[in-house]
Amino acid sequence: MNPMRRSDRAMAEEKAWQVLDEGVYGILATTDEDGWPHGVPLNYVRVENKLFFHSAVAGKKLSNIQANPKVCFTVIGNHEVQPKQFTINFESVMVYGQAIEVSAVEDKVSALMHLVRKYSPGFEVSGEAYARAAVDKTRLFQIDIEHISGKERHS
């Protein structure tokens with residue numbers, strides 16, 4: 001990875017993990033077989049050093065991952081426009097890694113349950129029933145995080 005140009009805005013790694021965990025959605029960046037970039041917003045959950053996301057059974061991001069599994073995932077944390085200063089206070093985190101499909105049914109259900117606990121706390125019982133019913137109609141991917149960096153500006 002190239003060094004951050006504005007190293008004075010580098011976020012401590014511990015805080016970067018926190019911003020990643022607290023994010024509601026992120027942007028998955030992939031490239032297609034012709035080298036064109038593609039970014040798609042999606043929900044996710046981090047478990048240890050992996051990000052998990054689910055998908056339909058077909059689509060552009062899936063064909064892109066198949067062509068090139070190297071991905072970047074970006075999350076924007078707290079942000080506030082500062083109109084008088086012509087700037088924005090922000091927190092952002094980027095992770096890089098390889099997207100790998102999770103295919104074993106129980107592993108898929110486990111990852112889906114992590115998503116349920118993040119986005120639907122208190123609904124674990126019905127969430128598990130939903131996950132088990134959807135497991136054959138859902139593809140599940142993990143990104144093995146190889147690098148994380150965060151950047152922030154606060155005035």
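A charge counts as sitting over a ring if NZ of Lys or CZ of Arg is within 6 Å of the ring centre and within 35 degrees of the ring normal. Here that applies to K118, whose charged end sits over the ring of Y44 at 3.7 Å from its centre. This is a predicted model, where local features need pLDDT of at least 70 and side-chain atom pairs count only at pLDDT 80 or more, while totals for chains, interfaces and linings use all residues. Residues are numbered from 1 along each chain as its sequence is written, and side-chain values use heavy atoms, with hydrogens and water left out.

**Overall layout**

- The chain has four helices and seven strands, taken as DSSP runs numbered from the N terminus (helices: H or I, at least four residues; strands: E, at least two).
- Reading from the N terminus, the order is α-β-β-β-β-α-β-β-α-α-β.
- Along the principal axes, the C-alpha atoms fill a box of roughly 50 × 45 × 25 Å.
- Of the 155 residues, 37% are buried (under 20% relative accessible area; exposed is over 50%, partly exposed in between; 1.4 Å probe, protein chains only).
- Take the contacts (heavy atoms within 4.5 Å) between residues at least 6 apart in sequence: 71% of them join residues at least 24 apart.

**Aromatic pairs**

- There are two aromatic pairs in the structure; rings of Phe, Tyr and Trp (its six-membered ring) pair if their centres lie within 6.5 Å, with planes under 30 degrees apart called stacked, over 60 edge-to-face and the rest tilted.
- Y44 and F73 have ring centres 4.9 Å apart and planes at 70°, so they are edge-to-face.
- Y44 is in the loop between β2 (37-42) and β3 (45-47), and F73 is in strand β5 (residues 70-82), so this pair links distant parts of the chain, 29 residues apart.
- Both Y44 and F73 are buried.
- F53 and F141 are stacked, at 5.5 Å centre to centre with 15° between the planes.
- With F53 in strand β4 (residues 50-55) and F141 in strand β7 (residues 139-153), the pair ties together parts that are 88 residues apart in sequence.
- F53 and F141 are both buried.

**Helix packing**

- Helix α3 (residues 105-119) and helix α4 (residues 124-134) have axes that come within 9 Å and cross at roughly 140°; the axes are lines fitted to C-alpha atoms over the stretch in contact, and angles run from 0 to 180 degrees between N-to-C directions.
- That makes α3 oblique to α4 (under 35 degrees is roughly parallel, over 145 roughly antiparallel, 65 to 115 roughly perpendicular, the rest oblique).
- On the α3 side, the contact is made by E106, V109, L112, M113, V116 and R117; on the α4 side, by E124, G127, E128, A131 and R132.
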